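Subject: Structure for your review, with notes

Dear colleague,

Please read them with the model open beside you.

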Amino acid sequence: MSDPNNPSFDEAQLMGILRSLMHNLPGMAYRCRWDPDWTMSFVSEGANALCGYDPSELIGKGAVSWGREIIHAEDRQWNRNTGIDCFY
């Protein structure tokens, strides 16, 4: 494997490493906006095993809203407060 600090380590190699990491990662990796829907911009394939949804159903204005449909209504405020504590 190439050294990531080596300037010859190109974007294609980095993308290959990232794809391999996401494929082998147990669970789900995601990136979301800090909004009430937790609008997802990236969701790994682990979403299927974790919550039964295809990543395409969760990304953007997909079929399922993480913040309004996956997170239980009674847990939403706690999640929001915990997130704020993590950021500040």
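The notes below go from the overall make-up to single residues and their contacts.

This is a predicted model, in which local features need pLDDT of at least 70 and side-chain atom pairs count only at pLDDT 80 or more, while totals for chains, interfaces and linings use all residues. Residues are numbered from 1 along each chain as its sequence is written, and side-chain values use heavy atoms, with hydrogens and water left out.

**Overall make-up**

The protein chain has five helices and two strands, and from the N terminus on these follow the order α-β-β-α-α-α-α; helices (H or I, at least four residues) and strands (E, at least two) are DSSP runs, numbered from the N terminus. The chain has 88 residues, of which 25% count as buried, where buried means under 20% relative accessible area, exposed means over 50%, and partly exposed lies in between (1.4 Å probe, protein chains only). Its accessible surface comes to about 6600 Å², and 54% of that belongs to carbon and sulfur atoms; such areas come from the Shrake-Rupley method with a 1.4 Å probe, and for residues only the protein chains shown count as cover. Taking contact to mean heavy atoms within 4.5 Å, 22% of the contacts between residues at least 6 apart in sequence join residues at least 24 apart.

**The nonpolar core and its surroundings**

A nonpolar core is here a set of buried Ala, Val, Leu, Ile, Met, Phe, Trp, Tyr and Cys residues joined through side-chain atoms within 4.5 Å. The largest one has nine residues, namely Met 28, Trp 38, Met 40, Val 43, Ala 47, Leu 58, Val 64, Trp 66 and Ile 71. In soluble globular proteins, nonpolar side chains tend to be buried together.

Met 28 is found in the loop between helix 1 and strand 1 and counts as buried because its relative accessibility is 15%. Leaving aside residues up to four places away in sequence, Met 28 touches Val 43, Ser 44, Gly 46, Ala 47, Leu 50 and Trp 66.

Ser 44 sits in the loop between strand 2 (40-43) and helix 2 (46-51), and it counts as buried because its relative accessibility is 3%. Beyond its neighbours within four places in sequence, Ser 44 is in contact with Met 22, Gly 27, Met 28, Ala 29 and Pro 55.

Tyr 30, in strand 1, counts as partly exposed at 40% relative accessibility. Its contacts, apart from neighbours within four places in sequence, are Trp 38, Met 40, Phe 42 and Val 43.

**Salt bridges**

The structure holds two salt bridges, a salt bridge being a side-chain nitrogen of Lys or Arg within 4 Å of a carboxyl oxygen of Asp or Glu. The side chains of Asp 37 and Lys 61 meet in one of them (4.0 Å, N to O). This pair links distant parts of the chain, with Asp 37 in the loop between strand 1 (30-32) and strand 2 and Lys 61 in the loop between helix 3 (55-58) and helix 4 (66-70), 24 residues apart. Arg 68 and Asp 37 also meet through their side chains in a salt bridge (2.4 Å, N to O), and here Arg 68 in helix 4 is 31 residues apart from Asp 37.

Pro 36, in the loop between strand 1 and strand 2, is exposed, with a relative accessible area of 52%. Pro 36 and Arg 68 are 32 residues apart in sequence and 7.3 Å apart in space, C-alpha to C-alpha.

**Cysteines**

With a disulfide defined as a pair of cysteine sulfur atoms within 2.5 Å, the count comes to zero disulfides. Cys 32 is partly exposed, with a relative accessible area of 28%, and Cys 51 is partly exposed at 23%.

Best regards
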